[in-house]
Structures are given as C-alpha cells and as structure tokens.
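Trainee: I have a structure open that is new to me, and I would like to learn how to read it feature by feature. Could you take me through it?

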Amino acid sequence: MTSPTSTRYGRDVRSHIPVGKGIDGYLSLSDRDAAVWERAAAYLHVRNNDTHTLYAYGIARALLAVAPDADEEVVLCAILLHDTGWSTVAEHEILEAIAPGGGRPDLIRKHEIEGARIARDILHHLDYDADMIERVVAIIDGHDSRLTALSVEDAIVKDADKLWRVTPHGIATVCGWFGLTRDESLRITAARVQGSLFTDAARTMGRVLTAIASLDGAPQRQGLT
C-alpha cells in the first residue's frame with residue numbers, strides 16, 4: 001500500500017490572489033442593499049431566517065446575472081424582506097407551518113401578509129418611491145402561496161428562496177428542524193425544489209447543488225479528504 005502524497009505546496013501563493021471585484025460571482029452587499037438588510041434583520045431572528053435570507057440574496061444575485069431584463073433593485077429588496085413576516089408568528093408554530101406532509105397554510109399566508117406590511121414600512125422609511133414599494137410588496141405578498149409568477153422579478157425571488165433548501169446550509173438547517181440525516185434532508189428538500197422552479201438558470205443551479213450534496217453521501221466519497 002502506498003503512502004499518501006503530501007497536499008502541501010510549501011510556497012506562499014498569496015501574491016497571486018486576485019484583488020478587487022473582478023471575480024464573477026464573488027459579491028458582498030452594496031450600500032443600498034445593506035441599508036435594507038439592517039432594517040430587515042430585526043425581523044429575521046427566528047428559525048435561521050437571517051442566514052437563509054443572506055444566502056437567498058446571493059442566489060438571487062447569481063440568477064440576476066443571467067436575467068438582463070429583470071429589475072435588480074426590485075428583486076434584491078424583495079429577497080431581503082421576503083421572510084420578515086415570520087417574526088409575527090409564534091416560533092413554536094413556524095415548523096408546523098412548513099413541515100413536510102403537514103403544514104399550516106394559514107400561517108404561511110399570515111407571514112406573507114405581515115411581511116408585505118413590514119416591507120412597505122421599511123422601504124417607506126428608506127425613502128423608496130411608491131411604485132417601487134408596491135412592486136416589492138406585490139412579490140412578498142404571495143411568494144410562498146402563489147403558484148404562478150407575476151413577473152420575471154417574482155420568478156427570481158421565488159427561485160432564490162427555494163434554492164436555498166438544497167444549499168449546504170439549507171440541508172443542515174432542515175436536518176436540525178426535523179431530526180433528519182443529511183441524506184434524508186436532501187431527499188426531502190430536493191423533491192420540494194424540483195418541479196417548482198421558474199427559470200432555466202435556477203433549474204440548472206438546483207441540479208448542480210443536489211448532485212454535489214448527494215455525492216457527499218456516496219460510499220465512494222466516505223473517508224476521502
């Protein structure tokens with residue numbers, strides 16, 4: 001049996017690390033979006049909604065890169081604010097609302113209605129114009145319960161929200177919520193995502209994320225670094 005080879009290069013390569021914002025997909029919140037996030041965060045403290053929202057924001061940014069006709073500002077405001085309404089639902093009831101095989105449509109609807117109200121208030125205080133506010137609010141008010149997309153912006157928000165489920169963070173979060181293994185969580189989340197996405201880019205992203213996560217559990221992967 002041969003000994004494993006070293007994976008340590010032994011030389012400093014930091015001088016070759018790119019600087020600036022020239023890397024496709026590498027992002028941070030703009031000042032505009034950070035201002036919305038700072039207001040939204042106060043309403044996102046339950047059931048990992050804060051971290052979920054940031055990852056969904058990143059997914060939305062990636063989807064926007066291949067959707068030149070979409071209004072970026074509408075999409076990003078909506079994704080940062082879409083789950084603020086869960087703050088008005090008793091924390092012990094939130095998992096009842098979203099549990100596989102069960103669910104509370106009344107609570108899902110409540111979080112949409114309250115999220116729309118909170119979003120309108122936040123954007124008003126940030127001096128967004130009335131038309132912009134109404135476009136964002138219309139997306140939030142139905143982002144889970146509405147089975148059709150009102151616009152390309154609505155489709156991207158819906159897709160970014162759902163795709164989080166098959167990210168490493170989404171899979172791990174669902175494990176904790178329902179006491180599942182990673183493979184069980186992946187099977188549930190992937191099944192709920194597949195067939196519910198609106199854009200070709202999101203469908204491709206969903207397949208890639210699911211493929212990577214499923215191979216993490218493959219027997220050939222076990223024991224490898």
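This is a predicted model: local features need pLDDT of at least 70, side-chain atom pairs count only at pLDDT 80 or more; totals for chains, interfaces and linings use all residues.

Trainee: How many helices and strands does the protein chain have?

Mentor: Helices (H or I, at least four residues) and strands (E, at least two) are DSSP runs, numbered from the N terminus. In this case the protein chain has ten helices and zero strands, and its C-alpha atoms fill a box of roughly 70 × 45 × 30 Å along the principal axes. Of the 225 residues, 39% are buried, a word that stands for under 20% relative accessible area, with exposed meaning over 50% and partly exposed in between (1.4 Å probe, protein chains only).

Trainee: At what angle do the axes of α2 and α10 cross?

Mentor: Two packed helices are described by the angle between their axes and the distance between the axes. Axes are lines fitted to C-alpha atoms, for helices over the stretch in contact, and angles run from 0 to 180 degrees between N-to-C directions. Here the axes of helix α2 (residues 49–64) and helix α10 (residues 200–216) come within 10 Å and cross at roughly 125°. That makes α2 oblique to α10, since angles under 35 degrees count as roughly parallel, over 145 as roughly antiparallel, 65 to 115 as roughly perpendicular and the rest as oblique.

Trainee: Which residues in α2 and α10 meet?

Mentor: With contact taken as heavy atoms within 4.5 Å, Ile59, Ala62 and Leu63 in α2 meet Ala201, Ala202 and Met205 in α10. The residues of this contact divide into six nonpolar, no polar and no charged, where Ala, Val, Leu, Ile, Met, Phe, Trp, Tyr, Cys and Pro count as nonpolar, Asp, Glu, Lys and Arg as charged, and the others, Gly among them, as polar.

Trainee: Which residues are linked in a network of salt bridges?

Mentor: Side chains of opposite charge can pair when their charged atoms come close. A salt bridge is a side-chain nitrogen of Lys or Arg within 4 Å of a carboxyl oxygen of Asp or Glu, and by this rule the count comes to 16. Glu93, Glu96, Arg104 and Asp106 are linked in such a network: the closest N and O atoms are 3.9 Å apart for Glu93 and Arg104, and 3.5 Å apart for Arg104 and Glu96. Arg104 is partly exposed at 26% relative accessibility, as is Glu96 at 39%. Elsewhere, Glu114 and Arg117 form a salt bridge of 2.7 Å, N to O, and both lie in helix α5, three residues apart, about one turn of the helix.

Trainee: Is Ala116 buried or exposed?

Mentor: Ala116, which is found in helix α5, is buried, with a relative accessible area of 5%. Leaving aside residues up to four places away in sequence, Ala116 touches Val137, Ile140 and Asp141. The C-alpha atoms of Ala116 and Val166, by comparison, are separated by 26 Å, and these residues are 50 apart along the chain.

Conventions
Residues are numbered from 1 along each chain as its sequence is written. Side-chain values use heavy atoms; hydrogens and water are left out.
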